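This report goes through side-chain contacts in a predicted model.

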Amino acid sequence: MLYDLVFCNAWILDGTGAAGHWGDVGVSGERIAYVGPRCPEPARRTIDAAGMAIAPGFIDMHTHSDLVLLAERDAGAKVMQGVTTEVIGQDGLSYAPLAEQTIHYFRATFQALNGDPPGLSWQWRSIGEYLAEFERGTAVNVAMLVPHGNVRSAAIGLENRRAAPSERAAMQALLRQGMAEGAIGLSTGLTYAPCSFADADELVALAAAAAEYGGYFAPHLRSYGADMEAAVDEAIDVARAAGASLHLTHFQAPFSVGRGKAALYLDRIGRARRNGLEVTLDAYPYLAGSTFLAGLLPGWTHEGGRDRVLERLSNHACRRRIRHEMEVTGSDGLHRVPVDWETLVVAGVRTSRNADLVGRNLAEAAVLRRRDPFDVFADLLIEEDLAVSCLAFIGNEENLQTFMRDPEFMAGSDGILVGDRPHPRAWGTFARYLARYVRELGVWTLEECVRKMTSLPARRLGLTDRGVLCPGAMADLVVFDPETVQDQATYEEPRRHPVGIPYVAVNGRLVKDADQPTGARPGQVIRGSGSRGSRTA
């Protein structure tokens with residue numbers, strides 16, 4: 001037998017958490033054909049990985065590559081850090097299913113989250129048609145969650161009210177269609193309209209429909225701040241009532257109100273597990289969050305869509321109400337925590353008019369503009385047509401490390417790829433876990449870190465042929481040097497690639513070769529086990 005590719009003399013980390021061992025990994029076609037002490041057959045190409053580790057390709061459990069990956073199919077930000085699979089459709093806000101009346105809303109309102117790359121056809125409407133766009137070629141594999149906001153807006157529009165029974169049934173039908181066409185579960189963003197308009201009964205109905213197809217429920221909680229305890233309880237209660245497994249996405253306990261409470265939340269999760277509920281979680285290894293600036297507004301301002309938001313920001317009475325909720329009581333968009341303008345940094349704007357504010361927090365921007373911080377915030381949204389992204393420096397290292405030690409914690413970058421100065425997590429997450437939290441701090445062993453980036457997320461996705469190094473598995477592979485791997489992306493220079501990861505293969509083909517991207521696009525759409533044409537084993 002002639003192998004297509006062999007990595008020899010590598011420290012093999014099989015993804016299960018088992019101790020590593022030296023040996024060779026052979027690839028034939030799309031799959032791993034050999035894992036052992038010395039490959040017994042010749043290869044078309046042999047790469048000496050002496051002194052380096054080889055592991056399954058990293059799985060990014062939470063990404064915002066929904067449009068960028070269609071425009072930049074080489075996926076440089078992810079390939080260069082060893083990511084071979086991305087999970088899109090997060091936070092209840094994506095680009096399928098699309099109803100004719102909501103295309104403009106999703107395309108315009110969420111530019112600060114996903115951009116609006118030129119050259120896209122925008123001809124898809126269903127999840128199946130959208131996933132077909134990725135099948136035209138990407139460097140990485142793609143899996144997708146059904147986004148609650150798309151389903152709700154298609155059935156109800158952008159109204160802030162309880163769904164009628166017929167509307168709930170229409171949402172369930174769209175959800176089932178998406179699952180049948182390849183989605184892996186349901187996401188929602190309960191601080192983001194229109195998801196935030198839903199009650200628990202609606203969430204249960206939709207999560208139950210996803211569970212019929214083996215899908216999981218992935219909520220962005222209703223609060224990560226003052227009401228986080230109640231928000232965690234709601235997510236657990238919804239999943240239990242729906243008969244769905246629960247994945248708590250970008251699970252951190254930020255803000256000063258969350259300090260020291262990580263163990264409290266893990267206790268709630270532990271009780272749910274002991275009562276039979278499967279609960280997993282992910283997070284990124286940074287203390288700043290990132291989102292679109294308009295997402296911090298009170299939820300009621302978003303009813304009716306983008307034009308109504310702009311009208312309310314321009315109305316004096318509405319503006320006074322918004323200011324009071326943000327600065328005094330804490331809006332739902334701010335997780336019921338009164339805003340600290342110094343923690344919010346402008347990451348990207350649409351026009352050159354406000355380019356000088358990029359990299360400044362809103363308190364600094366207020367000094368520069370000689371205005372009140374709230375007025376700068378509101379006027380910036382108006383002037384930029386809501387297309388403003390931001391960083392929020394609200395994290396807590398102690399809480400993050402406590403969550404990381406949970407056995408069901410896994411890695412997810414939450415990477416936003418657009419903006420003038422986006423969050424470095426899109427370029428650095430996986431190298432940062434290996435460098436800071438393994439080599440420097442010892443929070444995880446190397447084997448455990450690899451497990452949390454490979455087999456654990458693969459299990460969450462229902463994949464039996466990815467996330468592990470064994471004969472027959474798909475050949476998603478990453479070679480890295482445990483002693484030198486290092487993230488280089490910073491808040492000042494976020495688009496810097498890591499070092500110490502020379503080789504990455506997706507489905508048996510090198511997408512990074514001797515530190516350089518190859519331009520190959522062997523990625524596949526990974527469909528859920530309940531779909532037609534599933535790629536899962």
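## Salt bridges

Arg107 has a relative accessible area of 32%, so this residue is partly exposed. Its side chain meets that of Asp116 in a salt bridge, with an N to O distance of 3.0 Å. Asp116 is likewise partly exposed, at 29% relative accessibility. The structure holds 44 salt bridges.

In the salt bridge between Asp199 and Arg162, the closest N and O atoms are 2.4 Å apart. Asp199 is in the loop between strand 11 (185-189) and helix 8 (200-211), while Arg162 is in the loop between helix 6 (148-156) and helix 7 (165-180), so this pair ties together parts 37 residues apart in sequence. Arg162 is partly exposed, with a relative accessible area of 49%; the cut-off for exposed is over 50%.

Arg353 and Glu383 form another salt bridge, in which the closest N and O atoms are 3.5 Å apart. The two residues come from distant parts of the chain, 30 residues apart: Arg353 belongs to the loop between strand 16 (344-348) and helix 13 (362-369), and Glu383 to helix 14 (residues 373-383). Arg353 counts as exposed, at 57% relative accessibility, whereas Glu383 counts as partly exposed, at 26%.

Some salt bridges share partners, and these join Arg319, Arg323, Glu327, Arg371, Asp372, Asp375 and Asp379 into one network.

## Aromatic pairs

The model contains 22 aromatic pairs. One of them is formed by Tyr95 and Trp122, an edge-to-face pair with 75 degrees between the planes and 5.7 Å from centre to centre. Tyr95 sits in the loop between strand 8 (83-88) and helix 3 (103-109), and Trp122 in the loop between helix 4 (111-114) and helix 5 (127-134); the pair therefore ties together parts that are 27 residues apart in sequence. Tyr95 and Trp122 are both buried. Ring pairs also link these two residues with Trp124, Tyr130 and Phe134 in a cluster.

Phe409 and Trp444 have ring centres 5.9 Å apart and planes at 55 degrees, so their pair is tilted; an edge-to-face pair would need an angle over 60 degrees.

## Arginines over ring faces

Two arginines are placed over aromatic rings. Arg321 lies over the face of Trp300, 3.8 Å from the ring centre. Arg425 lies over the face of Tyr284, at 4.3 Å from the ring centre.

## Nonpolar cores

In soluble globular proteins, nonpolar side chains tend to be buried together. The largest nonpolar core of this model has 143 residues, and the members that touch the most others are Phe251, Met326, Phe377 and Phe480. Leaving aside residues up to four places away in sequence, Phe377 touches Leu293, Leu297, Met326, Trp341 and Leu362.

Definitions and conventions
Residues numbered from 1 in each chain as written. Predicted model: local features only at pLDDT ≥ 70, side-chain atom pairs only at ≥ 80, totals over all residues. Heavy atoms only, no water. Phe/Tyr/Trp six-rings, centres within 6.5 Å; stacked < 30°, edge-to-face > 60°. Helix = DSSP H or I, 4+ residues; strand = E, 2+ residues; numbered from the N terminus. Buried < 20%, exposed > 50% of the residue type's maximum accessible area, 1.4 Å probe, protein only. Lys NZ or Arg CZ within 6 Å of the ring centre and 35° of its normal. Core = buried A, V, L, I, M, F, W, Y, C linked by side-chain atoms within 4.5 Å. Contact = heavy atoms within 4.5 Å. Salt bridge = Lys/Arg side-chain N within 4 Å of Asp/Glu carboxyl O.
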